[in-house]
Amino acid sequence: MSTTVKPKHIGRNISRIRELRQMKQEALAMAIGVSQQTISTIENSESIDEEKLQQIAEALGVSKDTIKNFSEDAIFNYFNSFHDSSVNHGPYNNCTFNPLDKVVELYERLLEAEKEKNALLEQLKK
C-alpha cells in the first residue's frame with residue numbers, strides 16, 4: 001500500500017471556487033482572455049503553470065495559495081462556524097428587529113409614494 005500523498009487537483013479547485021463565486025466558465029474566460037473551452041481544459045487539469053494560475057486567481061478574487069490549498073472540508077467548517085454559539089461574530093450577530101417588519105414598512109412607504117405620484121399626475125392632467 002502506497003503512502004504517497006496525492007497532489008491537489010488544481011483544476012478541480014479552480015472549478016469549485018468559480019462555482020462558489022457563481023461565475024460561469026465564459027465569464028472567467030473573458031476575464032483572463034481565453035476561450036471557454038480553454039477554461040474547461042484547465043479545470044480538467046491536475047496542474048497549471050504559475051502565470052496562468054495567477055491570472056485565474058486575480059479573476060476569481062483569491063490568492064494562488066487559496067486555489068492550491070482549497071478544501072471542501074475547510075469551506076464547510078467555515079460556514080458551520082456561523083451556527084456555533086462559541087464563535088464570536090462581532091457586535092452584529094443578533095438581529096434586534098424582525099426583518100419582515102422592515103420589508104413591510106418599506107413596501108408601505110413605496111406604495112404611499114406611488115399613490116402620491118399618481119395623485120400629482122392626475123392633478124397635472126386636469
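This is a predicted model: local features need pLDDT of at least 70, side-chain atom pairs count only at pLDDT 80 or more; totals for chains, interfaces and linings use all residues.

Trainee: Where does I10 lie, and what is it in contact with beyond its neighbours within four places in sequence?
Mentor: I10 lies in helix α1, and, once its neighbours within four places in sequence are left aside, its contacts are S45, E46, S47, I48, L53, I67 and K68. The C-alpha atoms of I10 and I42 are separated by 8.5 Å, although the two are 32 residues apart along the chain.

Trainee: Which residues in α1 are buried?
Mentor: The buried residues of α1 are I10, G11, N13, I14, S15, I17 and R18, and what covers them includes α2, α3, α4 and α5.

Trainee: OK, and what is I14 in contact with, again leaving aside neighbours within four places?
Mentor: With those neighbours left aside, I14 is in contact with L28, I42, E43, I48, L53, I56, L60 and I67.

Trainee: Which residues touch the most other members in the largest nonpolar core?
Mentor: That core has 15 residues, and those touching the most other members are I14, I48, I56, L60 and I67. Two or more residues come from each of α1 (10-20), α2, α3 and α4 (50-60), and α4 gives the most, with four residues. As a general point, nonpolar side chains tend to be buried together in soluble globular proteins.

Trainee: Let me jump to L28, then: why does it count as buried?
Mentor: L28 counts as buried because its relative accessibility is 0%, and buried means under 20% relative accessible area. L28 is found in helix α2, and, apart from its neighbours within four places in sequence, it is in contact with I14, R18, M23, I39, I56, A59 and L60.

Trainee: While we are on α2, at what angle do α2 and α3 pack?
Mentor: Helix α2, residues 25-32, packs against helix α3, residues 36-43, at an angle of about 105°, and their axes are 8 Å apart. That makes α2 roughly perpendicular to α3, because angles of 65 to 115 degrees count as roughly perpendicular.

Trainee: Which residues meet there?
Mentor: On the α2 side they are Q25, E26, L28, A29 and I32, which meet Q36, I39, S40 and E43 in α3. The residues of this contact divide into four nonpolar, three polar and two charged.

Trainee: What about F70, buried or exposed?
Mentor: F70 is buried, with a relative accessible area of 9%, and its place is in the loop between α5 (64-68) and α6 (72-80). F70 and H9 are 61 residues apart along the chain, while their C-alpha atoms are separated by 9.6 Å.

Trainee: Last one, on the chain as a whole: how many helices and strands are there?
Mentor: The protein chain has seven helices and zero strands, so that, going by how helices and strands are assigned as DSSP runs numbered from the N terminus, its elements run α-α-α-α-α-α-α.

Trainee: And how much of it counts as buried?
Mentor: Of its 126 residues, 18% count as buried, and the chain exposes about 10000 Å², of which carbon and sulfur atoms supply 54%. Among contacts with a separation of 6 or more, 61% are between residues 24 or more positions apart.

Notes. Residues are numbered from 1 along each chain as its sequence is written. Side-chain values use heavy atoms; hydrogens and water are left out. Axes are lines fitted to C-alpha atoms, for helices over the stretch in contact, and angles run from 0 to 180 degrees between N-to-C directions. Angles under 35 degrees count as roughly parallel, over 145 as roughly antiparallel, 65 to 115 as roughly perpendicular and the rest as oblique. Contact means heavy atoms within 4.5 Å. Ala, Val, Leu, Ile, Met, Phe, Trp, Tyr, Cys and Pro count as nonpolar, Asp, Glu, Lys and Arg as charged, and the others, Gly among them, as polar. Buried means under 20% relative accessible area, exposed over 50%, partly exposed in between (1.4 Å probe, protein chains only). Accessible areas come from the Shrake-Rupley method with a 1.4 Å probe; for residues, only the protein chains shown count as cover. A nonpolar core is a set of buried Ala, Val, Leu, Ile, Met, Phe, Trp, Tyr and Cys residues joined through side-chain atoms within 4.5 Å.
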